[in-house]
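Let's walk through this one with a few questions and answers. Have a look at the sequence and the fold first.

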Amino acid sequence: MKRLFFSILFSFLFIYSFGQLKGGIKGGANFCTFMVSKSGDLFADATFNSKVSYHLGTYVQNSFTEQLAWQIEVLFSNKGYIHKVDDISTNISLNYLNLPVLFIYKPIKLFEVEIGPEFGYLISGEDFMSSFDLAIDLGARFNISPKFNAGLRYCQGFPFKMKLDNPEAEGYDPTYQNGVFQIYIGFNLINEPPEDQ
């Protein structure tokens, strides 16, 4: 995990030395859903309810033109669900290290639209889950000032097969997906003007 973190950090420093960048720190709320499908009646006595959690991390953005850019982020994101069985609720936390790689479109200076894949590594969670996660992000960001921005994002995870080896799961092939709606605030530590300004 430390090697991955420092590799990403050094990549950011390398990119910074060759481009005009905007970058900083961000954090906000996660509104999480956990979707289970192809489970038949395996979880007939259980529900997977939504939960509210958080995310925080860093980002860097480099522009191709005045309207087009790319952005890379490194986020710690707490996802999960409320597992309810027979009126007993358990708060399940799924902790991810996420790497969104986003294409940015800026129709006007104060507003940005973003889309791209998000790669995730499960730091801690449930045994039946894959350590790798993949999602598509779609969102918008408002540049409130040269220092502050705020945004909305929806992250839709791809389905992954549950790794179940208990006898009750025999004959079933359930899958799961993470879905997260995010609200965040960012603070620009780097905000360099274009070279011709």
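Q: Is Tyr176 buried or exposed?
A: This is a predicted model, where local features need pLDDT of at least 70, side-chain atom pairs count only at pLDDT 80 or more, and totals for chains, interfaces and linings use all residues. Residues are numbered from 1 along each chain as its sequence is written, and side-chain values use heavy atoms, with hydrogens and water left out. Buried means under 20% relative accessible area, exposed over 50%, and partly exposed in between (1.4 Å probe, protein chains only). Tyr176 has a relative accessible area of 0%, so it's buried.

Q: How are the rings of Phe128 and Tyr176 arranged?
A: Rings of Phe, Tyr and Trp (its six-membered ring) pair if their centres lie within 6.5 Å; planes under 30 degrees apart count as stacked, over 60 as edge-to-face and the rest as tilted. Here the centres are 6.2 Å apart and the planes sit at 80 degrees, so the pair of Phe128 and Tyr176 is edge-to-face.

Q: How many residues apart in sequence are the parts that Phe128 and Tyr176 tie together?
A: Strands (E, at least two residues) and helices (H or I, at least four) are DSSP runs, numbered from the N terminus. Phe128 lies in the loop between β6 (111–124) and β7 (132–143), while Tyr176 is in strand β10, so the pair ties together parts whose separation in sequence is 48 residues.

Q: Which residues do ring pairs link into a cluster with Tyr176?
A: Searching the whole structure turns up 12 aromatic pairs. Ring pairs join Tyr176 into a cluster with Phe34, Phe48, Tyr81, Phe128, Phe132 and Phe160.

Q: Which ring does the charged end of Lys26 sit over?
A: A charge sits over a ring if NZ of Lys or CZ of Arg is within 6 Å of the ring centre and within 35 degrees of the ring normal. For Lys26, the charged end is 3.5 Å from the centre of the ring of Tyr184.

Q: Which side chain makes a polar contact with that of Asn188?
A: Asn188 is found in strand β10, and it's buried, with a relative accessible area of 2%. A polar contact is a pair of N or O atoms within 3.5 Å; within protein, one must be able to donate a hydrogen and the other to accept it, and residues adjacent in sequence count only if both atoms are side-chain atoms. At 3.5 Å, the partner of the Asn188 side chain is Asn149.
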